[in-house]
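Subject: Structure handover

Hi,

Here is the structure I promised to pass on to you. Could you take a look at it, and then read my notes below?

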Amino acid sequence: MSVVQPEKGFRAGLDSVLLGTSVPAGCASLLDLGAGAGVAALCALAHHEGLSGTLVETNAQMAELARHNIEANGLVPRARVVMASATASGAERKAMGLGTDHFDVVIANPPFFEAGTRAPDPARAAARHTDGEVSAWVRSAVSCAHAKGVVIFIHLAQELPQLLAAFAARMGAITVLPIAPRPGAAATRVLVRGRKGSKAPLRLLAPLVLHGAHGDGFAEPVEAILRGRAVLDWH
C-alpha cells in the first residue's frame with residue numbers, strides 16, 4: 001500500500017495504522033470519521049477483502065488526497081470519500097447518504113491537544129486541536145453504527161475518562177488497550193472499542209508496547225503490523 005500525504009502540516013503516523021488494523025474480521029462496511037488522507041481506512045481495507053469503506057473528511061485538501069490514495073491503491077469502488085464534519089447532525093448525514101444505524105464498524109482518531117498553543121499550519125491545527133468534547137465524536141459514531149456495530153477510537157491516554165464516559169453511556173463490551181512507548185513506561189495512547197446494543201462488562205487489556213527497553217526499533221508485534229504481516233490483537 002502506498003499513501004500520499006501533505007508535504008507540510010499534519011501527517012498520519014502510527015496511530016492511524018494501529019486504528020486501521022484494529023478493525024475486526026467479518027465486517028462488511030466501515031466508516032472512518034475524520035479520515036484525513038485515508039491511512040486508517042486504507043489499512044483496514046488492505047487486510048479485509050470483503051470490506052467497503054466510507055471516509056468522512058471536512059478538509060478539502062485532505063479529502064482530495066484520500067480520493068487519490070483510494071484510486072492509487074486500486075480500491076475503487078470499495079471506498080469513497082464524503083466531505084463532511086465528523087460531528088454533522090443526523091439530518092446532514094442523511095442528506096449526504098451516510099444515514100444512521102448502518103455501518104458494521106466506525107473508527108476515529110479525533111483531534112486532541114485542546115489546550116495550549118495551536119499549530120501555525122491551519123490543516124495541522126484542525127487535525128490536532130478540538131473545539132468541543134470527544135463525546136460529540138462518539139455520539140456521531142454510535143449513531144452511524146448499526147444495531148450491533150462496533151466503534152473504535154484511538155486517543156491520548158489522558159482522555160480515557162472522557163472516552164469511557166461517552167462509550168459507556170451508549171455501548172457495552174468496552175475494551176481498553178493501553179499503548180505504551182516501551183516496557184515499564186506509562187501509556188501515552190489508548191485504543192477503545194465498544195459494541196452497540198451490548199451489555200457485556202468492560203475489559204482492560206495488557207498494554208501494547210511499541211518499542212524495546214531502549215527505544216531501539218519496534219517490538220515484534222508492532223513491527224509485524226507495520227509490515228502488513230499482522231493485524232492488532234484485541235485478546
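This is a predicted model: local features need pLDDT of at least 70, side-chain atom pairs count only at pLDDT 80 or more; totals for chains, interfaces and linings use all residues.

Residues are numbered from 1 along each chain as its sequence is written, and side-chain values use heavy atoms, with hydrogens and water left out.

What does Asp-15 meet in a salt bridge? Its partner is Arg-189, at 2.7 Å from N to O (a salt bridge is a side-chain nitrogen of Lys or Arg within 4 Å of a carboxyl oxygen of Asp or Glu). This pair links distant parts of the chain, with Arg-189 in strand β7 (residues 189-196) and Asp-15 in helix α1, 174 residues apart. Helices (H or I, at least four residues) and strands (E, at least two) are DSSP runs, numbered from the N terminus. Helix α1 spans residues 14-21, and seven of its eight residues are buried, so the helix is largely enclosed by the rest of the structure. Among those buried residues are Val-17, Leu-18 and Leu-19.

Now the overall picture. The chain has eight helices and nine strands, and 49% of its 235 residues count as buried. For contacts (heavy atoms within 4.5 Å) between residues at least 6 apart in sequence, 68% join residues at least 24 apart.

A search of the whole structure gives five salt bridges. One of them joins Glu-64 and Arg-67, at 3.6 Å from N to O. These two sit three residues apart in helix α3 (residues 60-72), so about one helical turn separates them. Glu-64 is partly exposed, at 47% relative accessibility, and Arg-67 is partly exposed too, at 31%. Another salt bridge is formed by Glu-223 and Arg-227, at 2.8 Å from N to O; Arg-227 is exposed, with 60% relative accessibility.

Next, the interior. A nonpolar core here is a set of buried Ala, Val, Leu, Ile, Met, Phe, Trp, Tyr and Cys residues joined through side-chain atoms within 4.5 Å. The largest one has 37 residues, and Leu-18 and Leu-191 have the most contacts inside it. Elements giving two or more residues to this core include α1, α3, β5 (145-156) and α8 (220-226), and α2 gives the most, with seven residues. Beyond four places in sequence, Leu-191 touches residues including Leu-18, Leu-19, Ile-152, Val-176 and Trp-234. Another core, of 28 residues, lies apart from the largest one, with Ala-86, Val-106, Cys-144 and Val-151 among its members.

Ser-29 is buried, at 12% relative accessible area, and its side chain reaches the backbone nitrogen of Asp-104 at 3.0 Å. Leaving aside neighbours within four places in sequence, its contacts include Leu-51, Ser-52, Phe-103 and Asp-104.

Happy to hear your thoughts.

Best wishes

Conventions. Buried means under 20% relative accessible area, exposed over 50%, partly exposed in between (1.4 Å probe, protein chains only). A polar contact is a pair of N or O atoms within 3.5 Å; within protein, one must be able to donate a hydrogen and the other to accept it, and residues adjacent in sequence count only if both atoms are side-chain atoms.
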